Amino acid sequence: TNSLSFLLLQTAQTCGYPGSPAHAIVSMSPQGPIQSGTTATYNCDNGYELLGPARRTCNENGTWTPLGIPFCGKSSDTFSLFAFIVIPLRCYLHNI
């Protein structure tokens, strides 16, 4: 059993820190070493809106998905217009 436990620990893939945007708090679940299956959850400070994924997951290959670190922008009508129209359009055009 000890050799099996050692093998499982040895093969568990780790991810680097997923990044922390300004004006945000990142929480990990479960807490402890960042390894495959760990989820990073992003929450912006009051007065800021999250642009990008609210959650990212550490994969077995050591990468985070979805790609890209979200950021927190000042809450305003202009920011909301930018976040919900301009950014998705740019992402769509980039993927064509």
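Tutor: Thr 57 stands opposite Thr 65 in S5. The model is a predicted one, in which local features need pLDDT of at least 70 and side-chain atom pairs count only at pLDDT 80 or more, while totals for chains, interfaces and linings use all residues. Residues are numbered from 1 along each chain as its sequence is written, and side-chain values use heavy atoms, leaving out hydrogens and water.

Strand S4 (residues 55-58) is joined to S5 by two bridges, and these strands run antiparallel. A strand is a DSSP run of E with at least two residues, numbered from the N terminus; two strands pair if DSSP finds at least two bridges between them. The open sheet has four strands in the order S1-S2-S4-S5, with antiparallel pairing. Its edges are S1 (24-29) and S5 (64-65), each of which pairs on one side only.

Buried means under 20% relative accessible area, exposed over 50%, and partly exposed in between (1.4 Å probe, protein chains only).

Thr 38 lies in the loop between S1 and S2. Its relative accessibility is 1%, so Thr 38 counts as buried. Beyond its neighbours within four places in sequence, Thr 38 is in contact with residues including Met 28, Thr 57 and Trp 64, contact meaning heavy atoms within 4.5 Å.
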